[in-house]
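The tour below moves from one selection to the next.

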Amino acid sequence: MGLQTKMKEYRAKTGMRQEELAKLVGVRRETIGNLENGKYNPSLRLAMDIAAVFECTVEELFRFTD
């Protein structure tokens with residue numbers, strides 16, 4: 001089971017860079033890159049913080065696949 005994210009898609013819609021998102025949610029840019037590439041699963045807190053930045057739900061931003 002893997003976690004898929006639409007973070008890159010949401011960033012593109014808003015013109016936001018990884019560095020900007022990282023600063024807004026209090027993590028390093030590398031963490032954002034790892035999340036987008038499926039190399040890291042966010043904590044619930046981080047997932048909620050990222051969703052809040054994009055004004056969407058966690059479920060809209062992340063989903064598990066088989």
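Select Glu 9 and Lys 13 in helix H1, which covers residues 7–14. The two are four residues apart, so about one helical turn separates them. This is a predicted model, and in it Glu 9 and Lys 13 form a salt bridge whose closest N and O atoms are 3.9 Å apart. A pair counts as a salt bridge when a side-chain nitrogen of Lys or Arg is within 4 Å of a carboxyl oxygen of Asp or Glu. Now colour by accessibility. Lys 13 is exposed, with 62% relative accessibility. Glu 9 is partly exposed, its relative accessible area being 43%.

Are Arg 11 and Glu 36 buried or exposed? Arg 11 has 11% relative accessibility and Glu 36 has a relative accessible area of 13%. Buried means under 20%, so Arg 11 counts as buried, and Glu 36 is buried too.

Next, show H1 and H3 as whole helices. How do their axes run relative to each other? The axes come within 9 Å and cross at roughly 120°. The two helices, H1 and H3, are therefore oblique to each other.

Select the residues where these helices meet. On the H1 side they are Met 7, Lys 8 and Arg 11; on the H3 side they are Ile 32, Leu 35 and Glu 36. By class, the contact of H1 with H3 has three nonpolar residues, three charged ones and no polar ones.

Move on to Arg 17 and Glu 19. They form a salt bridge, the closest N and O atoms lying 3.3 Å apart. Glu 19 is partly exposed, at 37% relative accessibility.

Side chains of opposite charge can pair when their charged atoms come close.

To finish, display every salt bridge at once. How many are there in the whole structure? The search finds six, among them the pairs Glu 9 with Lys 13 and Arg 17 with Glu 19.

Notes
Residues numbered from 1 in each chain as written. Predicted model: local features only at pLDDT ≥ 70, side-chain atom pairs only at ≥ 80, totals over all residues. Heavy atoms only, no water. Buried < 20%, exposed > 50% of the residue type's maximum accessible area, 1.4 Å probe, protein only. Axes fitted to C-alpha atoms, helices over the stretch in contact; angles between N-to-C directions. Parallel < 35°, antiparallel > 145°, perpendicular 65-115°, else oblique. Contact = heavy atoms within 4.5 Å. Nonpolar A, V, L, I, M, F, W, Y, C, P; charged D, E, K, R; others polar.
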